[in-house]
Amino acid sequence: MPELTAELQQEFDTVVRRNPGEAEFHQAVREVLESLGPVIDRRPEYLESGIISRICEPNRQIIFKVNWLDDQNRVQTNRGFRVQFNSALGPYKGGLRFHPSVYLGIIKFLGFEQVFKNALTGMPIGGGKGGSDFDPKGKSDKEIMKFCQSFMLELSHHIGADTDVPAGDIGVGGREIGYLFGQYKKLTGRYESGVLTGKGLTWGGSRARTEATGYGTVFFADEMLKLTGESFEGKKVVVSGSGNVAIYALEKAQQLGGTVVAMSDSGGYIVDEGGIDLEQMQELKEIRRGRISEYADANPSARFVSDGQIWDVPCDIALPCATQNELPLAGAEALIKNGCTLVAEGANMPSTPEAIKAFRANGVRFAPGKAANAGGVATSALEMQQNASRDSWTFEYTEERLKEIMVGIHARCAETADEYGSPGDYVRGANISSFVRVADTMLALGVI
Ligand code: NDP
């Protein structure tokens, strides 16, 4: 790992000491601090005013018990979280994750990333994240509803359109947001549309929100390609995952002329050299909630691989869209060996630090999630705008706004990387430009 300056190492050591056992949070903090050496050289007041330690400490961390009754009328108990990380730029904003791997360290890493991602969008939103170790897999609709209602019973005390606005993430899609919103409405007696984003279109949702993260990731990658006169046309693309982000990355990559040859879920991956069929994938994953192996069962041109890594499939462009640390060094080495030249992260922190180092060393263009997947939260902010003005925009207009935002984020990252003497380093560009926006605002607001 790159060295930190002595002062930043000290800050990092404090974070590790204060947050023991939270490996993902340490990883996310370290990655940002590694970019900040040159900023601190230019602006020592950030250190002197304690901005680094203040930005690494969440404003508030809420942990609560969630009791609910399963279909056999047995009591189940899960743990719920909401980490309100930083509200310098606006109300806390960030998704809810329901997955058995969730613990405080995961929510804190995601909340920390969200602060910088939201700053990059240029919109007035702070950063937060929440979720539960509840596993939606295999649960009936009724169980999902009962869990969401119980979760909201506590969460409702902490959120609001001007304070904290949750959305979806892994395991939380339109169905869950519906049950959460219904319960919030019942508990408060108010139709407060702006309290959650990712809502359905008949009750305050935004067109293109479902598509936004996947589309945005492809728009960002397309901007990277344009710099060398390339495009998605004729490119082979590997997309990991087959959830919300992955499916709409597939759709947009196809629309721009790419061929998506592989996708995955936690059970393995499929390869279809002729290109994965979008409609079949949507029917399988969004409607039937099936396993990706079933795609290969139904398509003779496709094969399912239950062991090994999706990164062994040769491609020009890789879009990791599943989960954190899913792309380790071995994955990066396989991609490099097979001639992949561009990686854009649809997921949050999917590439390990070792993988990123290998991409850098081998000239693979690399876009970190906090920049490349910011289209989701940006469109959530557009949903908040529509709610505030009681308006509803067309799909075309919303997608155009999303595209403009992604082009803007790309430009901001590229220009900042140039300004700090690291042309093409989107990690540094994203970290520095977002940090400066949050840090300057914190300075302006005083020690609070
Ligand atoms: P979904 O729940 O819709 O899909 C997640 C996908 O990733 C599924 O295919 C799932 O497979 C797979 N997956 C999850 N955990 C693992 C694991 N441990 N190993 C292998 N595969 C796994 O989530 P999203 O598509 O919404 O989110 C995907 C990523 O994108 C996350 O990192 C999220 O934080 C990030 N993101 C999402 C945004 C959004 O708007 N939804 C916005 C910005 C970032 P299986 O079904 O088998 O578990």
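I'll go through the salt bridges, pair by pair. A word on the basis: this is a predicted model, where local features need pLDDT of at least 70, side-chain atom pairs count only at pLDDT 80 or more, and totals for chains, interfaces and linings use all residues. Residues are numbered from 1 along each chain as its sequence is written, and side-chain values use heavy atoms, with hydrogens and water left out.

Side chains of opposite charge can pair when their charged atoms come close. Our rule for a salt bridge is a side-chain nitrogen of Lys or Arg within 4 Å of a carboxyl oxygen of Asp or Glu. That rule gives 27 salt bridges.

Take Lys236 and Glu273, with N to O at 3.1 Å. Lys236 sits in strand S6, and Glu273 in the loop between strand S8 and helix H11, so the pair ties together parts 37 residues apart in sequence. Helices (H or I, at least four residues) and strands (E, at least two) are DSSP runs, numbered from the N terminus.

Next, Glu399 and Lys252. Their closest N and O atoms are 2.7 Å apart. Glu399 is in helix H17 and Lys252 in helix H10, so this bridge links parts 147 residues apart in sequence.

Buried or exposed? Both Glu399 and Lys252 are buried. Buried means under 20% relative accessible area, exposed over 50%, partly exposed in between (1.4 Å probe, protein chains only). Lys236 is partly exposed at 33%, and Glu273 is partly exposed at 42%.

Last pair: Glu294 and Arg288, at 2.8 Å, N to O. Glu294 is partly exposed at 27%. Arg288 is partly exposed at 45%.
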